[in-house]
Amino acid sequence: MPSEQDIPLYTTDPTTGELVPVENGQYLSPAEIERRRYFQKKKQQQAIRHAANDERTRKFGNFTFCRYTLSAPFWADMSNADLVRLFYLSTCMLYKRDTLYYSNGRQLTADSLPEVLQTSESTCRRFLAAMEQQDYLQIEDGAVTMNTEYFARQSIRHWIGDDRSFIRVYHNAYRYLYRQLKNKQRGQLAYLIRMIPYLHEERNIVCANTFAHDADRITPLDDKRICEAVEYNPNQSARLMKDLQALHLENGQPAFIYNAEQRCFIVHPALFYEGDAQGAVLRDMNENHENA
């Protein structure tokens, strides 16, 4: 049996929760001390993440996670109209729920969707039938639920480690743009959605190497390559860039902008964003305005 000289005496500081050596404290083995320190550090890291999430929500509002495969996103063969509507419905998810609700907490029904999506009943029926067939939505007893393999408002730890990526879809910005655009104009949102696999994880630059750690190594896509990526006629790239740069969020900021100094296109991080450096993205966007 080890002596007191072999095992240090520790107790818990009542103000900091840290283990401190004292006389007449607890007998703790080095392994137990290390275990407690590990979980204390983990708790502190979780608190930092929660604080960052709270700050992000305060600034940009609620969001839904969207999961997709980089090489073949699930929307590749979906029409622009259906894609835009599906993403809109993803903003109707409540936390830890897969059933769709109004913002006031009242449950959405299949019958209410034409009004919600601002479409005709026939168009909505066709859309719902297609989404059910492709297993993105399910309708049961009138309630509409999302497939949480693609959209979720909850912890996504179980997503981490597979071959798919995820991005946050911010409710306020997406709903505002959807409602501001006329039916025929909403396809513009689809082109922004189709850029998601090309958004740099931190800088939100539309680029070829989305995980480049060094900003100087990011390879932006020019207007014609963006058109190719989103399946738009490259010969009409000027038209698409003009239409997308005309989209503005409720605060007047552009949803899509060209940074002349960095020679790159950027999607506003209050719309779609993966990383934790939204402030840096906003500085890049504001820098462009200041130098214009």
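**Helix, sheet and cavity**

Mentor: Start with helix α5, residues 171-180, which lies across β4 (63-68), β8 and β11 and runs at about 65 degrees to β8. Keep in mind that this is a predicted model.

Trainee: OK. What order do the strands have in the open sheet of four?

Mentor: The order is β7-β4-β8-β11, and the pairing is antiparallel. The edge strands are β7 (151-152) and β11 (272-273), each of which pairs on one side only.

Trainee: Over how many bridges do β8 and β11 pair?

Mentor: Strand β8, residues 165-170, pairs with β11 over two bridges, in the antiparallel sense.

Trainee: And which residue in β11 is the bridge partner of Val169?

Mentor: Phe272 is the partner of Val169.

Trainee: Switching topic. How many aromatic pairs are there in the whole structure?

Mentor: A search finds 19. One of them joins Tyr88 and Tyr178, with 4.4 Å from centre to centre and 35 degrees between the planes, so it counts as tilted.

Trainee: Which parts does that pair tie together?

Mentor: Tyr88 is in helix α2 (residues 80-90) and Tyr178 is in helix α5, so the pair ties together parts 90 residues apart in sequence.

Trainee: Which residues line the largest cavity?

Mentor: The lining includes Tyr68, Leu70, Ile196, Phe211 and Glu274. By type, the lining residues divide into six nonpolar, one polar and two charged.

Note on methods
Residues numbered from 1 in each chain as written. Predicted model: local features only at pLDDT ≥ 70, side-chain atom pairs only at ≥ 80, totals over all residues. Heavy atoms only, no water. 1 Å grid on protein atoms, 1.4 Å probe; cavity = no way out; pocket = protein on both sides within 12 Å on 5 of 7 lines; lining within 4 Å. Nonpolar A, V, L, I, M, F, W, Y, C, P; charged D, E, K, R; others polar. Pairing = 2+ DSSP bridges. Contact = heavy atoms within 4.5 Å. Axes fitted to C-alpha atoms, helices over the stretch in contact; angles between N-to-C directions. Phe/Tyr/Trp six-rings, centres within 6.5 Å; stacked < 30°, edge-to-face > 60°.
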